[in-house]
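Please keep the sequence and the structure in view while reading.

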Amino acid sequence: MNCLFCRIIDKKIPSKIVYEDERVFAFEDINPQAPIHILIIPKKHISTTLDITHEDNELIGDLFRAANKIAKDRGVAERGFRLVLNCNPESGQTIYHIHLHLLAGRVMHWPPG
Ligand code: 5GP
Ligand code: ZN
């Protein structure tokens, strides 16, 4: 499959790995938008949030549990962090393999850009 994030999971493309287990993979974003900017992705290829099915219920929970663990490990859980998941062009989605952006280490603004 011609998917950049599937190739990163397979380690055919190098990344700065932050977390990995049977179902979840997390790595540093190549173009960080905050002091901490980590992408948390399922190892299963899912193109957009619209493609999530009931079969993925546990997997989606796994993504959030991994995000919480990373936030705690990086010491930002109490200060705060932002999770972003873009879907389709107007949201800014550029890679069609779902990914939670974990952003932290600075004050976040609302509304987002
Ligand atoms: P999206 O815009 O789809 O929500 O987010 C895609 C993210 O993937 C962007 O923040 C972008 O910087 C990141 N990204 C794109 N290509 C690579 C890459 O080759 N390696 C890493 N580590 N991040 C990437
Ligand atoms: Zn993929």
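**Ligand, sheet and core**

Asparagine 86 has a polar side-chain atom 2.8 Å from an oxygen atom of ligand 1, a polar contact (a pair of N or O atoms within 3.5 Å; within protein, one must be able to donate a hydrogen and the other to accept it, and residues adjacent in sequence count only if both atoms are side-chain atoms). This is a predicted model, in which local features need pLDDT of at least 70 and side-chain atom pairs count only at pLDDT 80 or more, while totals for chains, interfaces and linings use all residues. Residues are numbered from 1 along each chain as its sequence is written, chains are lettered from A and ligands numbered from 1 in the order in which they are written, and side-chain values use heavy atoms, with hydrogens and water left out.

For aspartate 29, a polar side-chain atom lies 2.5 Å from a ligand oxygen atom; for histidine 101, the distance is 2.8 Å. Around ligand 1 there are 16 residues, counted as near if one of their heavy atoms lies within 4 Å of the ligand. Those that come nearest are Asp29, Asn86, Gly92, Thr94 and His101.

The sheet comes next. It is open and antiparallel, with 5 strands in the order E1-E2-E3-E5-E4; strands (E, at least two residues) and helices (H or I, at least four) are DSSP runs numbered from the N terminus, and two strands pair if DSSP finds at least two bridges between them. Strands E1 (17–20) and E4 (81–84) each have a single partner strand, so one side of each is left without a neighbour in the sheet. E1 is joined to E2 by 3 bridges, and glutamate 20 stands opposite phenylalanine 25 in E2. H2 packs on the sheet and touches E1, E2, E3, E4 and E5, where contact means heavy atoms within 4.5 Å.

What does the largest nonpolar core contain? It has 19 residues, and Ile38, Ile40, Leu63, Ile70 and Leu102 have the most contacts inside it. Such a core is a set of buried Ala, Val, Leu, Ile, Met, Phe, Trp, Tyr and Cys residues joined through side-chain atoms within 4.5 Å; buried means under 20% relative accessible area, with a 1.4 Å probe and protein chains only. H2 gives the largest share, 7 residues.

Aspartate 56 lies in the loop between strand E3 (36–42) and helix H2 (57–73). At 2% relative accessibility, aspartate 56 counts as buried.

Notes:
Buried means under 20% relative accessible area, exposed over 50%, partly exposed in between (1.4 Å probe, protein chains only). Axes are lines fitted to C-alpha atoms, for helices over the stretch in contact, and angles run from 0 to 180 degrees between N-to-C directions.
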